[in-house]
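Visitor: Hi, could you walk me through this one? I'd like to ask things as they come to mind.

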Amino acid sequence: MADGRSTAQSRLLQTKDLLTMNKTATTIPFDPDSTKFPQRKDVPQAQYAPQGVKTAWVWGSSDMIGRLNLLTPTRVKAAASSEIKTGEMVPINWSLNHPETPAFARESFEHKIKTLAENIAYDDVYHLNTQSGTQWDGFRHFAWVPTGSFYNNTHGEDIVGDKANHKCSIHHWASHGIAGRGILLDYRSYCDKKGTSFNSYEAERISYAELEACGKEQGIDIRPQAQGGDIQIGDLLFIRSGFIQTYFIKSPEERKRLALRRNQLGPDDGQRYAGIKQEEPMIDWLHDCYFAAVAGDSPTFEAWPTNQDYHLHEYILALWGMPLGEMVDLERLARTCKEKKRWTFFVTSAPANVPGGVGSHVNGTAIF
């Protein structure tokens, strides 16, 4: 295809039949406290999911929080007990005024002081796009392209217009809360140690095999616990690609030039960022580990633009209901993990309680 827009249109035209629901299949919603979940290839077809998409919408037709269901009191208590040793706190939020020029033509953060009574009382006034800096992509952010379906059969008319409602709104996350065991894969340090060049401002693709090698270097088997690895159900995954490190190495003029590169959805997009690779082994791994959420430090988490006819955003957000974080500040966290020779920690996040909201700043803290 000449561009991604025509690719997306082609997928819509070729898969209109996916809107037909499978009326014969029956699915019992997963038990969040279960200690065993099926691999991607074995997930049963949900009755109300698009036909042929087996991994979608497994928590029940009224669910609004997706894989945050995995953060049960049992798991949160166990994570706090095993991970909090010294009580040292490491915030993982980039300052709201960074990046100064956001990617994808998003609005810059604006901050004003409102005087209530001179020398006595003041307020803040913020104007921001929650997707411009450290962010959670909510379930209303990106659809499964073939059907135009957001998580759990949510559609555009649920988000904007006269029929807009609170289906899959970010405030459901805020009502539940986010806390659990975090795990960091410091891919940028792995590359530096190996002498491998890595450009955060190009579509460099981090494969599953490379993440596996990175984990091994850190002493982590990144396979799910059910397969003999170290990843536990409900873990929150963080991948450091070094974007924020690279950002501060560049001059303000260069950062602005790169942020303003032409934005055109598809392989010719001038907006280009490193991230994880669009490939079947990566999709299987992200699914089968049953992470409660995944996040990275780049503007896109996955390599951008995609070199496939799909985006990982579609699987992570629209099919699995897995919170997706971007531009999370992992610099101090990586240094702390290195110093402690420890790559797991307790992590908390407080999404914005905005009924109808699409995304949120992360408001996150790692605790050792």
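Predicted model: local features only at pLDDT ≥ 70, side-chain atom pairs only at ≥ 80, totals over all residues.

Visitor: Thanks. Let's take strand β11: is it mostly buried or exposed?

Guide: Buried. Strand β11 covers residues 344-349, and five of its six residues are buried, so the strand is largely enclosed by the rest of the structure.

Visitor: And which way does β11 run against β5?

Guide: The two run antiparallel, with six bridges joining β11 to strand β5, residues 178-186. If you want a spot to look at, Gly180 has Val347 of β11 as its bridge partner.

Visitor: How many bridges join β11 to β13?

Guide: Four, and this pair is antiparallel too; strand β13 spans residues 364-367. There you can find Phe346 opposite Ile367 of β13.

Visitor: Switching topic: what's up with Arg75? Which side chain of opposite charge is nearest to it?

Guide: That would be Asp33, at 4.5 Å. Arg75 sits in helix α2, residues 73-83, and is buried yet has no salt bridge. A salt bridge here needs the nitrogen and the carboxyl oxygen within 4 Å.

Visitor: Then what does the Arg75 side chain reach instead, say around Pro32?

Guide: The backbone oxygen of Pro32, at 2.6 Å. The Arg75 side chain also reaches the backbone oxygen of Leu70, at 2.9 Å.

Visitor: Nice. How many salt bridges does the structure hold?

Guide: There are 15. As background, side chains of opposite charge can pair when their charged atoms come close.

Visitor: Helix α2 came up already. What does Glu83 pair with?

Guide: Glu83 forms a salt bridge with Arg342, and their closest N and O atoms are 3.4 Å apart. Glu83 belongs to helix α2 while Arg342 is in the loop between α11 (331-340) and β11, so this pair ties together parts that are 259 residues apart in sequence.

Visitor: Is that pair buried or exposed?

Guide: Both partners are buried: Glu83 has a relative accessible area of 5%, and Arg342 has 17%.

Visitor: What about Glu217 and Lys194, which helices are they in?

Guide: Their side chains meet in a salt bridge at 3.8 Å, N to O. Glu217 lies in helix α6 (residues 208-218) and Lys194 in helix α5 (residues 187-194), so the bridge ties together parts 23 residues apart in sequence. Glu217 is partly exposed at 35% relative accessibility, and Lys194 is partly exposed at 47%.

Visitor: Last one: which residues make the nonpolar surface patch?

Guide: Leu96, Tyr126 and Leu128 make it, and the patch is about 260 Å². Tyr126 is in strand β3, residues 121-127, and is partly exposed, with a relative accessible area of 47%.

Visitor: Great, I'll go and look at those in the viewer.

Notes
Residues numbered from 1 in each chain as written. Heavy atoms only, no water. Patch = residues over 30% accessible without salt bridge, like charges linked within 9 Å, V, L, I, M, F, W, Y side chains within 5 Å. Areas by Shrake-Rupley, 256 points an atom, 1.4 Å probe, with all protein chains shown as cover. Buried < 20%, exposed > 50% of the residue type's maximum accessible area, 1.4 Å probe, protein only. Pairing = 2+ DSSP bridges. Lys, Arg positive; Asp, Glu negative; His and termini not counted. Polar contact = N/O pair within 3.5 Å; in protein donor to acceptor, adjacent residues only side chain to side chain.
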